[in-house]
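Opening the notebook on a new model today. I'll jot down what I look up as I go.

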Amino acid sequence: MTAPSQRRTRIKICGLTREQDVDAAVQAGADAVGFVLWERSPRHVSLARAAELARRLPPFVAPTLLFVNAPASDVVAACERIPQAWLQFHGDETPEQCVVAAAGRPYLRAARIPLEAGQGFDLLTFASRFSSAQGLVLDAHVEGYGGAGKAFDWSRIPTNVDAHLVLSGGLTPANVGDGIAQLRPRCRTLAVDVSSGVESAKGIKDAGKIHRFVAAVRAADELAPSQS
Ligand SMILES: O=C(O)c1ccccc1NCC(=O)[C@H](O)[C@H](O)COP(=O)(O)O
């Protein structure tokens, strides 16, 4: 018999830029929200703006700061400004760079999975290299590093990845249930992360889509068998 807590998929809504979208994510029941600090993203927010938006969050909803190849000094400065933040490294950072920049904080590392099979990405090796990460965000390998709304083939995720996994890349209210059903039996803990699939335009979230996404995750939690 599965304990209910084992079935609860954590949810992060990423790429927020507006107060009403932060509020919609919280009201829908998201566990975390993401702010993209990479200047080349269409969803980029300044650190000051991220701090302003993060102040709206109630206890136990985690702000997550997303970096792409940022200098460690920028990450440290961001943590001083938003001390409750989680860190997500979504570029080409090495394990050593992540550890130095995170300076003892838990961090997530994006694993950018090729859209086509046979392109030489080994998730088991990647997980072993990034054993210092709190979790791996499984995203599609796309130009521009992420947030492209593209899904990779979830059936290629091996069953024995020694890491907490966050499924992302091209998730929508329509497909997230299938993603959870495929991944949950194969991994230790599952969370999901969405940006494009709950937007009306880049950086502009749609409250209805956020609510439908969260409802679809909760429906899948009721159906999916336990990973244990
Ligand atoms: O959102 C961006 O513009 C972005 C830019 C550079 C690296 C990562 C980026 N976003 C990542 C995310 O928003 C999520 O963590 C996630 O991968 C979901 O993306 P999506 O496929 O749009 O749902």
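What do β1, helix α2 and β2 make? I traced that stretch, and β1, α2 (residues 19-28) and β2 form a right-handed β-α-β unit. For handedness I put the strands pointing away from the viewer and call the crossover right-handed if the path from the first strand over the helix to the second runs clockwise.

Housekeeping before I go on. I'm working with a predicted model, where local features need pLDDT of at least 70, side-chain atom pairs count only at pLDDT 80 or more, and totals for chains, interfaces and linings use all residues. Residue numbers start from 1 along each chain as its sequence is written.

**Overall chain.** I find eight helices and 10 strands in the chain. These are DSSP runs numbered from the N terminus: H or I with at least four residues for helices, E with at least two for strands. Along the principal axes, the C-alpha atoms fill a box of roughly 45 × 40 × 30 Å. Buried residues come to 41% of the 228. My burial count uses C-beta atoms placed from the backbone: 20 or more others within 10 Å is buried, 12 or fewer is exposed, and in between is partly exposed.

**Strand β2.** I checked burial here: five of the five residues of β2 are buried, so the strand is largely enclosed by the rest of the structure. Both faces are covered, with A32, G34 and V36 on one side and V33 and F35 on the other.

**Neighbours of β2.** Strand β1 (residues 10-13) runs parallel to β2 with two bridges, and I13 stands opposite V33. I count strands as paired if DSSP finds at least two bridges between them. Five bridges join β2 to β3, also parallel. V33 has P63 as its bridge partner in β3, and V36 has L66. The chain gets from β2 to β3 through helix α3 (residues 47-54), in a right-handed β-α-β crossover.

**On to β3 and β4.** Is β3 mostly covered or mostly open? Mostly covered: five of the six residues in β3 (residues 62-67) are buried. Four bridges link β3 to parallel strand β4 (residues 86-89), and L66 is bridged to Q88 there. Helix α4 (residues 72-81) carries the chain from β3 to β4, and this crossover is right-handed.

**Ligand shell.** How many residues surround the ligand? I get 27, and the closest are C14, G146, G147, S195 and S196. The elements giving two or more residues to the shell are β2 (32-36), β6 (135-140) and β8 (190-194). My cut-off for the shell is a C-beta atom, placed from the backbone, within 6 Å of the molecule. By class I have 11 nonpolar, 13 polar and three charged residues. Nonpolar means Ala, Val, Leu, Ile, Met, Phe, Trp, Tyr, Cys and Pro, charged means Asp, Glu, Lys and Arg, and the others, Gly among them, are polar.

**Q134.** With 16 C-beta neighbours inside 10 Å, Q134 counts as partly exposed. F121 is 13 residues away in sequence and 20 Å away in space, C-alpha to C-alpha.
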